[in-house]
Amino acid sequence: MPFNASNLTEIERQILASLQQIRFGSLEIVIHDSRVVQIERSEKLRFDAKGKALNESLS
């Protein structure tokens, strides 16, 4: 089945949006009784040896 963003649930859209917005950190999805009940996003700011924020891509 091909990927179709219009078929996503609101929860799936929120998870994808959170993943796209985070650069360094973690995303935790909390599930109770087989249902997603909470999405927690923890972000980190990283700096190079000179104290400059790392904003460019990792490639």
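Arginine 13 and glutamate 10 join their side chains in a salt bridge, with N and O 3.2 Å apart (a side-chain nitrogen of Lys or Arg within 4 Å of a carboxyl oxygen of Asp or Glu). Welcome to a predicted model, where local features need pLDDT of at least 70, side-chain atom pairs count only at pLDDT 80 or more, and totals for chains, interfaces and linings use all residues. Residues are numbered from 1 along each chain as its sequence is written, and side-chain values use heavy atoms, leaving out hydrogens and water.

**Overall layout**
- The protein has 1 helix and 2 strands, in the order α-β-β from the N terminus (DSSP runs numbered from the N terminus: helices are H or I, at least four residues; strands are E, at least two).
- Of its 59 residues, 10% count as buried (under 20% relative accessible area; exposed is over 50% and partly exposed lies in between, with a 1.4 Å probe and protein chains only).

**Salt bridges**
- The whole structure holds 2 salt bridges.
- Arginine 13 and glutamate 10 are both in helix α1, 3 residues apart, or about one turn of the helix.
- Arginine 13 is partly exposed at 38% relative accessibility, and glutamate 10 is partly exposed at 45%.
- Glutamate 43 pairs with arginine 41, their closest N and O atoms being 3.4 Å apart.
- Glutamate 43 is partly exposed at 46%, as is arginine 41 at 37%.

**Around serine 18**
- Serine 18 sits in helix α1, residues 10–21, and counts as buried because its relative accessibility is 11%.
- Beyond neighbours within four places in sequence, serine 18 contacts Leu27, Ile39 and Arg41 (heavy atoms within 4.5 Å).
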